[in-house]
Amino acid sequence: MKSRVYFIKVSEADSISAVQDKLLRLLNKSNLFAFIKPFDSVAVKLHFGEEGNTGFVRPEYLKVICAKVKEKAALPFLSDTNTLYKGSRTNSKDHLKLAYKHGFTPANVGAEVVIPDERDKAQIREVSLNQKFVKNAQVLSVYLEAQALVGVAHFKGHIMTGFGGALKNIGMGSATRQGKLEQHSNIAPIVYADNCVGCAACVEVCPVKAISMKDKKSCIDNAKCIGCATCIAVCNYRAIDVCWDSGGDLIQEKMVEYAKAILESKKKKSAFLNFCIKVTQECDCLAQDDPRIVPDIGIFASLDPVSLDKACLDMVNKAAGKDIFRELHPRRDGAKQLEHAASLGLGSLEYELLVV
Ligand code: SF4
Ligand code: SF4
């Protein structure tokens with residue numbers, strides 16, 4: 001069955017206030033938030049952008065979204081999880097600081113910003129999934145406990161998944177560090193010996209004593225490693241990282257299984273918006289001003305994250321005149337995440353595009 005995807009065109013010439021007006025028209029015409037009830041706590045899941053990145057969905061647009069949620073007498077909050085890699089969003093304190101720096105303050109957007117802190121184990125939940133690749137998903141409980149979910153994603157390319165949109169925002173973006181590592185690799189990170197100064201900080205923090213020092217370099221015992229990713233966060237020399245090359249399409253399949261862990265708890269209580277504005281080759285974790293790969297397209301909205309991502313992918317490729325993400329990331333076929341998500345019942349590959 002075809003799902004409805006609403007679309008409003010945006011061009012580079014549009015001012016921020018013009019895009020706000022268009023977003024409001026899209027939300028009104030689609031009645032996207034009809035499922036939100038008074039006093040629902042609504043997790044608005046997004047990406048605040050890495051330090052120096054310019055592709056993230058602007059706070060001015062989140063202000064419009066939060067205002068529409070509040071019209072329902074519901075209680076929105078903006079949220080994202082900490083990153084696996086070392087950067088400006090590795091811990092909740094720095095992450096919150098950067099979100100504010102990028103303009104996502106409560107005063108600007110009309111909602112609190114919540115960055116769950118995994119050091120508090122009460123904020124982590126294991127969801128029994130028993131899927132093909134993920135048996136138990138490690139997610140942040142804040143997204144399970146909220147009564148409703150609004151996923152807001154910047155649609156763009158991604159080095160590991162071909163492209164990233166609604167499914168990636170929820171699947172990868174709601175996972176704990178351990179969950180992210182499980183998705184990214186065959187669990188154990190790798191050591192770049194040239195960068196390792198032998199400080200042994202990683203040895204100290206490893207909860208299962210999987211790290212030892214050999215010839216003054218860190219060495220990980222893959223058999224013992226549980227993939228918690230703590231060592232990546234603690235190393236100040238970028239000597240430990242995710243094994244980015246491993247896994248093939250497995251990352252996409254695990255990622256959408258993680259999305260299922262969240263979305264099962266939000267049946268008829270979730271909606272998704274993808275911004276195809278400043279579509280870039282790489283994701284918003286890139287700490288630089290990544291240029292556009294196609295002219296701005298517009299904003300898409302749907303209750304179906306699979307149809308939504310498929311519609312965006314089709315429109316970006318149409319604008320590019322080719323399968324642009326396959327060209328930019330030849331080792332990744334982003335269609336895999338859509339096919340697997342559809343097979344899991346997360347949505348439909350067929351959609352009806354309703355132009356607002
Ligand atoms: S924390 Fe980093 S630099 Fe220090 S021993 Fe571990 S890998 Fe090497
Ligand atoms: S990922 Fe966790 S368990 Fe594995 S080596 Fe690093 S700190 Fe130890």
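Which residues are the closest to ligand 1, and how many surround it? The legends below take up this question first and then turn to other parts of the model, which is predicted.

Figure 1. Ligand 1 is surrounded by 14 residues, and the closest of them are Cys196, Cys199, Cys202, Ser218 and Cys235. When the residues of this shell are sorted by class, 12 are nonpolar and 2 are polar, while no charged residue is found among them.

**Figure 2. The whole protein, as a setting for the close-up views.** The secondary structure consists of 13 helices and 16 strands. The radius of gyration is 20 Å, close to the 21 Å that the globule rule gives for 356 residues, and therefore the protein is as compact as a globular protein of that length. The C-alpha trace spans about 65 × 45 × 40 Å along its principal axes, and 49% of the 356 residues count as buried. If one takes the contacts between residues at least 6 apart in sequence, 76% of them join residues that are at least 24 apart.

**Figure 3. Helix H2 and the elements that pack against it.** Helix H2 runs over residues 59-71, and its 13 residues should span 18 Å at 1.5 Å a residue, which agrees with the 18 Å between its end C-alpha atoms. The buried residues of H2 are Pro59, Tyr61, Leu62, Ile65, Cys66 and Val69. These residues cover an arc of only 150° around the axis, so they lie on the same side of H2. Just after H2 comes Ala73, which takes a positive phi of about 60°.

**Figure 4. Thr54 in the loop between S2 and H2.** Thr54 has 15 other C-beta atoms within 10 Å, and it is therefore partly exposed. Although Thr54 and Ala193 belong to one chain, they are 139 residues apart along it, and their C-alpha atoms are separated by 33 Å.

**Figure 5. Helix H13 and what covers its buried residues.** In H13, which comprises residues 335-343, the residues Gln337, Leu338, His340 and Ala341 are buried. The elements covering these buried residues include helix H6 (166-171), helix H10 (250-263) and helix H11 (305-320). After H13 comes Gly345, whose phi is positive and near 85°.

Figure 6. Because 14 other C-beta atoms lie within 10 Å, Ala200 is partly exposed. With 8 other C-beta atoms within 10 Å, Asp215 counts as exposed.

Note on methods. Residues numbered from 1 in each chain as written. Chains lettered and ligands numbered in written order. Predicted model: local features only at pLDDT ≥ 70, side-chain atom pairs only at ≥ 80, totals over all residues. Near = placed C-beta within 6 Å. Nonpolar A, V, L, I, M, F, W, Y, C, P; charged D, E, K, R; others polar. Helix = DSSP H or I, 4+ residues; strand = E, 2+ residues; numbered from the N terminus. Rg over C-alpha atoms; globule rule 2.2 N^0.38 Å. Buried ≥ 20, exposed ≤ 12 C-beta atoms within 10 Å, placed from the backbone. Contact = placed C-beta atoms within 7 Å. Expected span 1.5 Å × (residues − 1). Arc of directions from axis to C-beta.
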